[in-house]
Amino acid sequence: MSIEKKIDKSAHIGDAGIALIHMRVSAMGHVWHARGLDAGIDGMIELRDPGTGVVSNCHLLVQSKASDRQFPSETPDKFHFIVDERDLKYWLQATLPVILVCSHPKANEAWWVHIQGYFADPARRADRRVDFAKTTMAFDGDICDRLFAVADPHGQAHTPIAEHRAEKLVSNLLPVAIPKEYWSYKSRAKDTGHAYALQRDSELELRHDFVVKGGRLLTWSPVDGTALENATEDGGIIAPSGELMDGHTDNERLLVWMLNAALRHDVREDCLYHRKRQMLYFKATQGLRPRRVNTGGKHLRTVFKGHPKKKDPGKMAYYKHSGLQWQFVNLDGEWFCAITPDYFYSYDGRKESRYSASYLSGIKKLERNQAVLGETRMWAAFLRFEPNLLDEPDRILDFGELEAFEVERGIDDESWRKDPANIGSGDETSLFEQTA
């Protein structure tokens, strides 16, 4: 008869799951207290303040469920777990918050849920099922604010503390040099639309760098020999742009209109204008091939690309065009263009997709800071337009570099990635994701 002592496989896996939790808790900067006797609770997390390191007297009870096999209905994105009725009743009676951590110790993966918060819904309480979304419920990384929101929901807000470190903040403000003069003509056109109609009577290229106001047509360059000549009645006069910067609200508004028109004209070869959304976006390429643009450094960024249908890769679901919304602003006497990246979705490279709103909503939820910064830098480099020997400079507006600021404190971007509103419920949505 053998008297050798053995530890069965399930006990070993369970111990590995608790060890993984201990490791993750320590990596997050908190304190793990294991319990020797498991009566439905395997341990406790004592939270430390993220800024000072001081122990906060906020605690979370933890139950571990580890497995080397797949959990029910597990996919790369999700799975579900049915909790035991006795365990659930025990957890819900606890005076401290309880979190359940399901894990695959061998794969070094763990996910969590706040039991009392999740099962506050009577329907969930009845079926005892927890639906885990792997991306938003991972027990990993900087989830300090989320744990505090569970442990101390009515206490002091535990927001990220700025660290002492040098950091460079890049804004979305482009300095702009305004032309020193503009031309004013008596207008044949009643309004902007009429001016375009008169231009189309000419075989010459349409111009966009004009404004029709009070019977005058104002533009940044002479109309002689251009399609815009059809919309004027006299030889015009030259006026200093400074007269539009006298601080008068109407003059400043008129100047902004003229700057908007100038920007549209400057990028006409590469971009189209969406009037309803007041947005510029890159044109489709010939043959609908992808187009990439320099971001202002060593990297190129895709600004037009087709995306195939998932069920039929031979057909395109839509084409994504990088877009731009902008606003000219006067800050303490200096003019800037505030640029905001956007997107336009077409089904053929030109006509807007009927699912555009859905595509746009999806990408706005997914984009991370670096993706937005990359788009901003790309547009800044494109608007600066640094011509080479083969390009003739043909821009009205002259833009500078993005305004940047040196600061002595900074906050890790990861601290802002999650919305604590639905902590532990499985309903969180990731705000950011890098785009192609």
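**Cover of helix α5 and selected sites in the predicted model**

In this predicted model, the elements that cover the buried residues of helix α5 include β2, β3 and β6 (109-114). Helix α5 spans residues 144-151 and is mostly covered, with seven of its eight residues buried. These buried positions are Cys 144, Asp 145, Arg 146, Leu 147, Phe 148, Val 150 and Ala 151.

Strand β3, one of the elements over α5, runs from residue 55 to 66 and contains Leu 61. Leu 61 has a relative accessible area of 7% and therefore counts as buried, the limit being under 20%. Leaving aside residues up to four places away in sequence, Leu 61 touches Arg 35, Ile 41, Gly 43, Met 44, Ala 94, Leu 96, Pro 97, Val 98 and Ile 99. His 114 lies 53 residues from Leu 61 along the chain, and the C-alpha atoms of the two are separated by 9.9 Å.

Asp 42 is placed in the loop between β1 (31-34) and β2 (43-48). The residue is buried but forms no salt bridge. Its nearest side chain of opposite charge is that of Lys 65, 6.7 Å away, whereas a salt bridge would require a nitrogen of Lys or Arg within 4 Å of a carboxyl oxygen. The side chain of Asp 42 does make a polar contact of 3.0 Å with the side chain of Gln 63. Gln 63 is also among the residues that Asp 42 touches beyond four places in sequence; the others are Ile 18, Trp 32, Ala 34, Arg 35, Val 62 and Ser 64.

Most residues other than glycine have a negative phi. Arg 128, which is not a glycine, has a positive phi of about 60°. This residue is found in the loop between α4 (122-127) and β7 (129-133), and its relative accessibility of 25% makes it partly exposed. Leu 288, again not a glycine, also has a positive phi of about 60°. The place of Leu 288 is in the loop between β15 (279-282) and β16 (291-294). With a relative accessible area of 30%, Leu 288 is partly exposed.

For the protein as a whole, the secondary structure amounts to nine helices and 21 strands. Of its 436 residues, 42% count as buried. Among contacts between residues at least 6 apart in sequence, 63% join residues at least 24 apart.

The mean pLDDT of the protein is 85, and 83% of the residues score at least 70. Confidence is highest in strand β12 (residues 216-219), at a mean of 97, and lowest in strand β8 (residues 163-170), at 71. Over residues 416-424 the pLDDT is below 50, although this stretch has 28 contacts in the model beyond near neighbours in sequence. Residues 426-436 likewise stay under 50, and the model has 45 contacts for them beyond four places in sequence. Where pLDDT is low, the predicted coordinates should not be read in detail.

Terms used. Residues are numbered from 1 along each chain as its sequence is written. This is a predicted model: local features need pLDDT of at least 70, side-chain atom pairs count only at pLDDT 80 or more; totals for chains, interfaces and linings use all residues. Side-chain values use heavy atoms; hydrogens and water are left out. pLDDT is the predictor's confidence in each residue, from 0 to 100. Helices (H or I, at least four residues) and strands (E, at least two) are DSSP runs, numbered from the N terminus. Contact means heavy atoms within 4.5 Å. Buried means under 20% relative accessible area, exposed over 50%, partly exposed in between (1.4 Å probe, protein chains only). Lys and Arg count as positive and Asp and Glu as negative; His and the chain ends are not counted. A polar contact is a pair of N or O atoms within 3.5 Å; within protein, one must be able to donate a hydrogen and the other to accept it, and residues adjacent in sequence count only if both atoms are side-chain atoms.
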